[in-house]
Amino acid sequence: MITVALPKGALLKDSIGLFKGVGLDFSAFLDSANRQLQIEDPTKTAKALLVRAQDVPVYVEYGQAQLGIVGYDVLREKGSQVASVVDLQFGGCRMSVAVKKSSPYSRPVQLPPHSRVASKFVHCASEYFESIDLPVEIIPLYGSVELGPITGMSEAIVDLVSTGRTLQENGLVEIEVLFQSTAQLIAHPLSYRLNSDGLNELIAQVRSQILVAV
């Protein structure tokens, strides 16, 4: 039986819809009265785990799930040893550097050396500023990182941006896009190579769903 790790939050509904299109029904997770974290598809051919998005690649890497759905941003941040097999083309957003609108800096390279940058994506932020050879202090925040520049704790933030409305309403503006992010179907590398439980056939069905949608 194939096990799929599904992410709580913004990607869940589309993820369930995707699997429903290939004959696997995990829609019980959308029932607000449901408290189960593991359910079986009615056909008894697969089961799904409901986990935090950041934990999806962990469950897949360690083999508790053969497949998972997670944003590219999480994959970049976690650096997990998993196979990214299909770009699912939903959940689009971008990783950006932002500052206060009143900031004198219009590009990240203009930030003074050793500036403070708030982010919940510590690895992505560090990797980017190393790539432009600018030493900064990354301040890990796991709530509303927009408060960093607002309170003066940081000169900039690195965060995911979807519509940009939250930045706008808090007086911030993007000055650089690090990368684009969409939902990815990931697989346990060994299970993928060995085609355990017909895994590759299911992946092919998912890929076909995406091609039809396009």
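Visitor: What is the volume of the second largest pocket?
Guide: The second largest pocket of this predicted model has a volume of about 160 Å³.

Visitor: Which residues line the second largest pocket?
Guide: Its lining is made of Arg52, Gln54, Val74, Glu77, Lys78, Lys120, Phe121 and Tyr142. By class, that gives three nonpolar, one polar and four charged.

Visitor: Why is the second largest pocket said to lie between domain 1 and domain 2?
Guide: Look at who supplies the lining. Domain 1 (2-91 + 182-213) gives residues, and domain 2 (93-180) gives residues too, so the pocket lies between them.

Visitor: How much space lies in the largest pocket?
Guide: The largest pocket holds about 410 Å³. It is lined by 19 residues, and the closest to its centre are Ala10, Leu11, Ala53, Asp73 and Leu160. The lining divides into nine nonpolar, six polar and four charged residues.

Visitor: Which residues of helix α4 are called buried?
Guide: Helix α4 covers residues 122-131, and its buried residues are Cys124, Ala125, Tyr128 and Phe129. Buried means under 20% relative accessible area.

Visitor: What makes the buried residues of α4 line one face of the helix?
Guide: View α4 down its axis. The buried residues fall within an arc of 120°, so they line one face. On the other side of α4, Glu130 and Ser131 are exposed.

Visitor: What covers the buried residues of α4?
Guide: The cover includes α3 (72-78) and the strands β6 (93-100), β7 (115-119), β8 (136-140), β9 (156-161) and β10 (172-181).

Visitor: Which residue with a positive phi follows α4?
Guide: Aspartate 133 does, with phi near 55°.

Visitor: Where is proline 140 placed?
Guide: Proline 140 is in strand β8.

Visitor: Why is proline 140 called partly exposed?
Guide: Its relative accessible area is 44%. Buried needs under 20% and exposed needs over 50%. The value of 44% falls in between, so proline 140 is partly exposed.

Visitor: What does proline 140 contact, leaving aside its neighbours within four places in sequence?
Guide: Proline 140 is in contact with Ser119 and Val122. The C-alpha atoms of proline 140 and phenylalanine 121 are separated by 7.7 Å, with the two residues 19 apart along the chain.

How values were computed: Residues are numbered from 1 along each chain as its sequence is written. This is a predicted model: local features need pLDDT of at least 70, side-chain atom pairs count only at pLDDT 80 or more; totals for chains, interfaces and linings use all residues. Side-chain values use heavy atoms; hydrogens and water are left out. Buried means under 20% relative accessible area, exposed over 50%, partly exposed in between (1.4 Å probe, protein chains only). Helices (H or I, at least four residues) and strands (E, at least two) are DSSP runs, numbered from the N terminus. The arc is that of the directions from the helix axis to the C-beta atoms. Contact means heavy atoms within 4.5 Å. On a 1 Å grid over the protein atoms alone, a cavity is a set of points where a 1.4 Å probe fits but cannot get out, and a pocket is an open set with protein on both sides within 12 Å along at least five of seven lines; lining residues have an atom within 4 Å of a point. Grid points are joined across faces, edges and corners, and a volume is the space filled by probe spheres set on the points. Ala, Val, Leu, Ile, Met, Phe, Trp, Tyr, Cys and Pro count as nonpolar, Asp, Glu, Lys and Arg as charged, and the others, Gly among them, as polar. Domain bounds come from an automatic or database domain assignment.
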